[in-house]
Amino acid sequence: MDTRSISVTSSTVAVHSPLAAPIDDLEKASAAAEIDAAEECPDGGLRAWLVVLGVSCGICGTFGFINAWGIFQAYYEQYTLRNMSPSDIAWIGSVQYALMFMPGLAFGRLFDMGYLRMPVFLASVLLVACTFLTAECTEFWQFLLCQGFGIGLGSGVVFTAASGVVPHWFHRNLGLAFACMACGSSIGGTIFPIILKNLIETQSFQWTLRIMGFIIAAFLIVLNLTVARRLPPNPHPGPFIHLAMFKSASYSTYCLALFMGFLGLYTCLTYISLSGLLAGIDPDLSFYLLSIANACSLLGRIGGGILADRHGPLNVLIPGTLAAGFMTYAWPFATTKSPLITVAVLYGITSGIFVALMPQPVVRMGKVTEVGMRTGMAFTIMSLGALAGPPISGAILDHTGSFENVGYYAGSTIVCCVALMIAVRQMLLGKLFGHA
């Protein structure tokens with residue numbers, strides 16, 4: 001009995017001890033080789049740029065449409081919801097903005113697990129359906145449900161997918177790829193306010209939204225036909241929330257910077273048309289101010305992306321975002337035609353830099369196989385700022401009756417965002433000059 005026991009024990013030791021280490025080493029080496037091979041991005045080619053085209057169309061039909069919220073804000077205040085305060089109406093837009101990023105917490109992890117096409121398809125159906133349903137809304141809660149939650153949630157899944165799939169195809173040219181992707185938002189934010197204004201003048205509000213639904217559906221069809229992963233799913237995706245990532249001081253500080261930035265970033269876009277109307281500017285020009293700002297953001301997005309590949313995203317984000325903060329301070333004091341157009345142009349360019357480059361530092365803070373989780377958690381924190389920002393601005397406007405105080409608040413949050421970005425840059429580089 002003792003001999004057998006010793007024999008079995010010794011054989012067990014023989015199996016698990018001399019051979020286990022080499023096998024484990026081989027498995028680890030093989031896994032590392034697969035990850036290294038997977039991370040060799042093509043950085044171009046027809047398939048990669050088709051993905052960028054598709055996600056650009058998706059961003060145009062989602063983020064671009066949401067960027068036209070300023071037209072809805074002004075219209076609802078004058079007509080459909082004229083008995084409600086601006087801060088109450090702003091909740092519809094702020095819920096949209098927040099849900100652009102909040103689904104990242106769940107979908108970012110699903111993306112790492114390999115799910116892409118089906119969630120994007122379902123989100124596309126939800127978005128188009130809620131656009132048609134918004135046409136039938138007459139009460140605030142109906143607008144909040146369909147336009148706020150429905151359109152916002154559908155747009156958020158598409159945006160998170162776009163942010164996660166582009167790094168699968170690009171590395172050295174990631175800034176340019178993100179800039180091209182973000183151009184969809186700029187183009188949509190330019191054309192949708194013009195389409196909305198002209199349709200509302202010639203068609204009913206109901207038919208305006210129905211036509212918008214068909215336009216959005218066309219963009220989303222292109223997205224669904226072209227979007228694709230390149231890398232295999234993460235074999236060990238882990239939990240949806242990986243709190244250990246917040247042990248990284250640079251990651252945590254950058255998440256806080258995004259939160260602070262979005263507390264004030266969309267204030268100018270939300271209220272620039274309304275401020276022009278209240279200042280006595282021609283109503284046609286006031287409505288076009290939003291399109292001007294979104295069109296000019298195209299320059300900031302493309303130029304910022306090219307510069308980021310050469311000098312580092314944070315090195316471009318910091319001065320660009322600071323300039324956006326200064327324009328937010330200046331906006332309330334622009335009460336005539338020329339100053340308002342100038343603010344719209346400069347704010348569009350500088351805010352475009354922020355929107356195009358904000359995911360890049362997060363993407364570069366870890367492995368590409370975990371990009372969904374990393375960006376998802378960061379976007380969820382950022383969404384809280386997008387949710388609270390416009391209503392806070394509206395409440396300040398309600399209580400003070402002055403856009404100047406709104407500008408002081410929004411501009412200060414953006415400047416605080418810049419200060420945190422500078423701290424992140426110092427944490428990553430540890431020196432004054434360098435690529436960050």
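Residues are numbered from 1 along each chain as its sequence is written, and side-chain values use heavy atoms, with hydrogens and water left out. Because the model is predicted, local features need pLDDT of at least 70 and side-chain atom pairs count only at pLDDT 80 or more, whereas totals for chains, interfaces and linings use all residues.

Side chains of opposite charge can pair when their charged atoms come close. The structure holds four salt bridges, each defined as a side-chain nitrogen of Lys or Arg within 4 Å of a carboxyl oxygen of Asp or Glu. In one of them, Asp 43 pairs with Arg 172, with 3.8 Å between the closest N and O atoms. Asp 43 sits in the loop between α2 (20-38) and α3 (46-66), and Arg 172 in the loop between α8 (140-169) and α9 (174-202), so this pair ties together parts that are 129 residues apart in sequence. Helices here are DSSP runs (H or I, at least four residues) numbered from the N terminus. Asp 43 is buried, at 9% relative accessible area, while Arg 172 is exposed, at 60%; buried means under 20%, exposed over 50% and partly exposed in between (1.4 Å probe, protein chains only).

A further salt bridge joins Glu 136 and Arg 210, at 2.8 Å from N to O. Glu 136 belongs to the loop between α7 (117-134) and α8, and Arg 210 to helix α10 (residues 205-226), so the bridge connects parts 74 residues apart in sequence. Glu 136 is partly exposed, with 47% relative accessibility.

Lys 197 is buried at 7%, whereas Glu 201 is exposed at 53%. Salt bridges with shared partners link Lys 197, Glu 201 and Asp 284 into one network.

Turning to helix packing, the axes of α3 and α8 come within 9 Å and cross at roughly 155°. Axes are lines fitted to C-alpha atoms over the stretch in contact, and angles run from 0 to 180 degrees between N-to-C directions. The two helices are therefore roughly antiparallel, a description applied to angles over 145 degrees. Residues in contact (heavy atoms within 4.5 Å) include Val 51, Val 55 and Phe 63 of α3, and Val 158, Phe 159 and Trp 169 of α8.

How values were computed. Parallel < 35°, antiparallel > 145°, perpendicular 65-115°, else oblique.
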